[in-house]
Amino acid sequence: MKVKRYIANDAQEAMLKVKSELGANAVILHSRKIKRPGFLGLFKKPLIEMVAAVEENERKKKYNIKNEKKYINNQGEFNKIDELKQQVGNIENLLNNFIHKIDNVEQTDEVKRPILFDKYYNHLIENNIEKSIAEKIMNIAVKQVSFSSENEEVINKAIKIIIREYLGTPNMINEDSKDQKKIILVGPTGVGKTTTLAKLAARFAIGKNKSVGLITADTYRIAAVEQLRTYSEILDIPIKVIYEPEEIQEAIEEFKDKDIILIDTAGRNHRSAEQLEEVKKLISYIENPDIFLVISVTTGYKDIKSIIKAYDFIEDYHLLFTKLDEATGVGNILNAKILTNKKLSYITTGQSVPDDIEYANSEKIANIIVGELYE
Ligand SMILES: Nc1nc2c(ncn2[C@@H]2O[C@H](COP(=O)(O)OP(=O)(O)OP(=O)(O)O)[C@@H](O)[C@H]2O)c(=O)[nH]1
Ligand SMILES: [Mg+2]
């Protein structure tokens, strides 16, 4: 057993000294206030003397916050947990105020990142978050977190809040709107547009008891119309097939009594200007459409960038992500959100119609990104 005496300005400082030298499993044998040396010392705040001991083999154990909680609880004397909670609360307030000015953060600023942040940075990268975005998040976190005590709980929380704020609140289809909703799903081939459309149709028709009409503009693949027709039969929802973009007007007119019209489009190669021109034309015939750009979370960053660029002719759209269940990381959601600054909407999590769809809850996504790093 190793026994050591520490002198510090206050109890917190003494505890930190003990922790950093003897580790989390050290036991405080004794603690008391002592006068500062010299005559003038009589008039100053007393020092704290702390005697702590540790088993030699316990010393090497890595310090972590869980151990600290256990340890402090045993001590009773120091209300450190409350202090930590307060720090977390403070940082949350601070960040919530700060985050709205997020884009003012100077990207050229040299921010020295303390080592405790490194595992978070690495984790963001592993989650497919683009390097420059991960760095931006770290810079904000480092600037905002007071790490006098290098508190990992605070760092974790701060990073989560930053990601959550970047993701923003999702914008779902307002199924209770009095105005008719015309929802159109566009995007690359095979990402899950038709399946997602069926999930939405079921959600509105069965879940919300809305009258729904389906339109498909995908007559490129023979099976495409049949695919949607099958869902229309199962859900007992009418379907119209259009062969030319301008026919959409008539189809919408015929569905004028419906609460919600869901429009499926053929998957488009985003690198083909000609194919995109057709999407553009189709959209131009729809009055007040709610457009959803459907992207699979499994898509690589480079392709996501090129998809987003290809669709930038659409002024206003929502991001809808699919295949979360197949993705190794959810970072692309954040990447795409930051690249487009469009609202998130839904996320799909599997092939099952109608179950595998949910709101893009930014808190949940942020938790997925950094959650497991600290409990
Ligand atoms: N794992 C998984 N598979 C999905 C998801 N959504 C759709 N799929 C599958 O992806 C494949 C393509 O889905 P579709 O709905 O036909 O995709 P699409 O975008 O309409 O395809 P095109 O019309 O050909 O462009 C199907 O096998 C779906 O079952 C999802 O969230 N997770
Ligand atoms: Mg399809």
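1. For the classes used below, Ala, Val, Leu, Ile, Met, Phe, Trp, Tyr, Cys and Pro count as nonpolar, Asp, Glu, Lys and Arg as charged, and the others, Gly among them, as polar. The structure under review is a predicted model. On this basis the shell around ligand 1 comprises 11 polar, seven charged and one nonpolar residue.

2. Which residues are closest to ligand 1? Of the 19 residues that surround the ligand, the closest are Lys 193, Thr 194, Thr 195, Asp 325 and Thr 348. Helix H7, which spans residues 193–207, contributes four residues to the shell, the most of any contributor.

3. Polar contacts to oxygen atoms of ligand 1 may be inspected individually. An N or O atom in the side chain of Lys 193 is 2.7 Å from an oxygen atom of the ligand. For Thr 194, a polar side-chain atom lies 2.8 Å from an oxygen atom of ligand 1. Taken alone, ligand 1 exposes 650 Å², of which the protein buries 84%.

4. Helices H4 (residues 118–126) and H6 (residues 152–167) pack with their axes 11 Å apart, at an angle of about 35°. Their crossing is right-handed. On the H4 side, Lys 119, Tyr 120 and Leu 124 take part; they meet Glu 152, Ile 155, Asn 156, Ile 159 and Ile 163 of H6. By class, the residues of this contact are five nonpolar, two charged and one polar.

5. Most residues other than glycine have a negative phi, and most peptide bonds are trans. The peptide bond joining Val 353 and Pro 354 is cis, with omega at about 5°. Pro 354 belongs to the loop between strand E10 (343–348) and strand E11 (357–359).

6. Where does Asp 236 lie? Asp 236 is in the loop between helix H8 (222–235) and strand E6 (239–241). Its phi is positive, near 55°, although the residue is not glycine.

Technical notes. Residues numbered from 1 in each chain as written. Chains lettered and ligands numbered in written order. Predicted model: local features only at pLDDT ≥ 70, side-chain atom pairs only at ≥ 80, totals over all residues. Heavy atoms only, no water. Near = heavy atom within 4 Å. Polar contact = N/O pair within 3.5 Å; in protein donor to acceptor, adjacent residues only side chain to side chain. Areas by Shrake-Rupley, 256 points an atom, 1.4 Å probe, with all protein chains shown as cover. Helix = DSSP H or I, 4+ residues; strand = E, 2+ residues; numbered from the N terminus. Axes fitted to C-alpha atoms, helices over the stretch in contact; angles between N-to-C directions. Left-handed = near helix turned anticlockwise from the far one by under 90°. Contact = heavy atoms within 4.5 Å.
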